[in-house]
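Please open the structure in your viewer and keep the selection tool at hand.

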2 protein chains.
Amino acid sequence: MRRSSALVCALAALLSSPAVLADPPPAGPAAIVTAAPAADWATFDANDLLVMDLAGGRRVVIALAPDFAPAHVANIRALARAHWYDGLSVERVQDDYVTQWGDPDGKKPLPPELPQKLAPEYDRPAAGLAFTPLPYRDTYADQTGAAGAFPAAESGGAAWAVHCYGSVGVGRDLNPDTGTSAELYAVIGQSPRGLDRNIAVVGRVLSGVDILASLPRGTADMGFYADAGQRIAIVQERLAADLPANDRPSYQYLKPSSASYAAWIAAKAHRQDTFFLRAPGAVDVCNAIPPVRPTPR
Amino acid sequence: MRRSSALVCALAALLSSPAVLADPPPAGPAAIVTAAPAADWATFDANDLLVMDLAGGRRVVIALAPDFAPAHVANIRALARAHWYDGLSVERVQDDYVTQWGDPDGKKPLPPELPQKLAPEYDRPAAGLAFTPLPYRDTYADQTGAAGAFPAAESGGAAWAVHCYGSVGVGRDLNPDTGTSAELYAVIGQSPRGLDRNIAVVGRVLSGVDILASLPRGTADMGFYADAGQRIAIVQERLAADLPANDRPSYQYLKPSSASYAAWIAAKAHRQDTFFLRAPGAVDVCNAIPPVRPTPR
């Protein structure tokens with residue numbers, strides 16, 4: 001009875017107080033993204049979307065990051081257009097680290113017309129990059145934030161794409177010029193920030209990271225599948241631009257320069273949802289990755 | 001020919017230089033852990049290990065953290081001893097967030113002799129906690145580091161266990177005193193640091209987080225399984241102390257106060273492996289979780 005009375009009193013107070021009604025609690029992060037106007041979204045170019053179809057009808061869509069690794073992205077586009085990835089496989093799933101795909105036997109020659117080696121693209125000049133900084137400190141970099149759809153960092157005039165959950169990089173051997181884009185990986189665990197500036201980050205999974213992250217873990221060294229029969233075949237890997245219109249995915253990201261993105265970050269840092277007793281007061285770079293959505297039709 | 005000559009010259013220089021041979025490169029992080037002496041390891045108490053056996057012979061071992069959530073840990077021990085968890089299930093797998101297990105229908109009454117509600121244990125006084133700080137800044141806390149086997153943080157005299165990959169917390173409803181330990185979750189993605197100090201962290205998965213992280217994602221709201229048939233049954237959930245000796249797991253963690261732990265952190269921050277061109281210069285709290293190993297026999 002006491003609880004019912006209290007509820008009635010609270011409702012009465014609410015109804016008699018125009019100030020309360022006119023000043024609702026701040027919207028939570030998800031609601032801000034849902035309400036973001038069309039102008040706050042940017043559509044990915046269809047030449048920047050890599051679509052990997054795995055056996056079993058499982059599709060992974062990756063946004064490429066030419067602002068950070070232009071030569072590697074050009075090579076990936078050329079390999080996709082040559083259908084070079086088709087028939088290769090997911091060969092490595094290491095828990096809390098990466099899922100990797102490519103040529104498990106390392107025997108498939110690259111198309112002779114493509115570069116057989118690529119110079120490192122592990123960072124770039126910060127100058128000229130459209131970078132929206134976060135107002136919070138980072139363990140590793142002078143400054144973190146977002147550049148286009150990608151989590152990014154800056155230190156001492158250099159900028160780079162950061163390794164977060166879903167980030168896609170180019171596997172390589174010890175020699176830094178051995179990464180050709182033939183082997184790609186996606187992060188499926190805690191952000192391995194120690195890899196930043198040591199590997200070319202070429203993009204970010206937009207859709208299907210749950211597919212890559214829920215695959216059985218490999219039991220051989222470094223999470224490679226011990227048995228070739230465990231590998232998951234890549235049926236085809238194409239640029240969205242090269243797929244038929246009725247099978248071509250399209251995605252948008254919330255522009256980091258938009259008011260909605262700023263409001264989203266502020267709501268995450270200072271959230272006043274009913275669940276949260278203590279707002280964190282900050283957001284780290286890997287929890288600030290620009291939201292994406294399928295392009296509304 | 002030029003490359004061969006260069007290699008020969010390098011080898012000759014190496015062989016003629018005792019200083020190089022006597023001063024090998026610093027050991028990498030993994031080698032430091034492998035070489036850590038027995039005195040640098042601490043063995044978990046068998047009453048602090050929660051062993052969850054899932055259908056299909058899949059075992060998950062969790063270290064409980066009584067230093068951070070003593071009432072919740074006491075409740076978990078009591079629920080395990082009452083066999084209360086047996087027959088419940090993994091009911092929720094949300095990608096890049098959590099795997100949760102408990103009573104999906106919320107209908108199983110708690111044993112009447114146990115508290116039906118628990119007061120929040122979201123942080124504790126920093127005083128009295130054996131805490132080894134990291135010398136690097138954090139986005140959220142004044143100070144991060146490790147306390148026992150657990151990633152931890154301190155700010156303004158309070159300390160708490162941090163949400164990292166593998167951290168185990170107590171699910172609750174909006175009301176902060178609704179977390180009874182009947183619903184537990186493990187983090188399977190980027191560290192959701194915004195949950196810190198809003199939920200009771202009660203432990204850390206020592207073995208089998210790969211099992212929890214590779215389960216199929218749920219398709220209902222918040223990653224709950226839409227179909228009850230997708231749930232994974234909990235065959236039994238016991239304290240290691242209550243298992244027969246021949247089925248009782250035992251684990252050790254590298255003591256944060258040890259020289260080996262300090263060397264491990266330093267090697268991660270300043271690593272000079274052949275692969276790494278640029279040492280990160282720092283290690284964040286979720287990449288500094290004390291290593292564990294099965295207790296050597």
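Begin with A:Asp86 and A:Glu237: a polar atom of the Asp86 side chain in chain A lies 3.0 Å from the backbone nitrogen of A:Glu237. The model in view is a predicted one.

Is A:Asp86 buried or exposed? A:Asp86 counts as buried because its relative accessibility is 18%, and the cut-off for that class is under 20%. Next, select the residues in contact with A:Asp86, leaving aside its neighbours within four places in sequence: A:Lys108, A:Ile234, A:Val235, A:Gln236, A:Glu237 and A:Arg238.

**Second stop: helix α6 of chain B**

Move to chain B and select residues 259-269, which form helix α6. Show the side chains of its buried residues, namely B:Ser260, B:Tyr261, B:Trp264, B:Ile265, B:Ala267 and B:Ala269.

**Third stop: the contact between the chains**

Now colour the two chains separately and select the contact, to which chain B and chain A each give 43 residues. The area buried between chain B and chain A is about 3,800 Å², and carbon and sulfur atoms give 52% of it. In chain B, highlight B:Arg137, B:Gln190 and B:Phe275, which lose the most area to chain A and together account for 19% of what that side buries.

On the side of chain B that touches chain A, the residues divide into 20 nonpolar, 9 polar and 14 charged.

**Last stop: the rotation axis**

How is chain B laid on chain A? A turn of 180 degrees with a shift of 0.0 Å along the axis does so, with an RMSD of 0.0 Å; that is the relation of a two-fold axis. To find the axis, select B:Ser214, whose C-alpha comes closest to it among the residues of chain B, at 1.9 Å. The same surface serves both copies, as 100% of the contact residues of chain B recur in chain A.

Conventions:
Residues are numbered from 1 along each chain as its sequence is written. Chains are lettered from A and ligands numbered from 1 in the order in which they are written. This is a predicted model: local features need pLDDT of at least 70, side-chain atom pairs count only at pLDDT 80 or more; totals for chains, interfaces and linings use all residues. Side-chain values use heavy atoms; hydrogens and water are left out. Contact means heavy atoms within 4.5 Å. Buried area is the accessible area (1.4 Å probe) that two parts lose on being put together, summed over both. Ala, Val, Leu, Ile, Met, Phe, Trp, Tyr, Cys and Pro count as nonpolar, Asp, Glu, Lys and Arg as charged, and the others, Gly among them, as polar. Buried means under 20% relative accessible area, exposed over 50%, partly exposed in between (1.4 Å probe, protein chains only). A polar contact is a pair of N or O atoms within 3.5 Å; within protein, one must be able to donate a hydrogen and the other to accept it, and residues adjacent in sequence count only if both atoms are side-chain atoms. Copies are superposed by least squares on the C-alpha atoms of residues with pLDDT of at least 70 in both. Helices (H or I, at least four residues) and strands (E, at least two) are DSSP runs, numbered from the N terminus.
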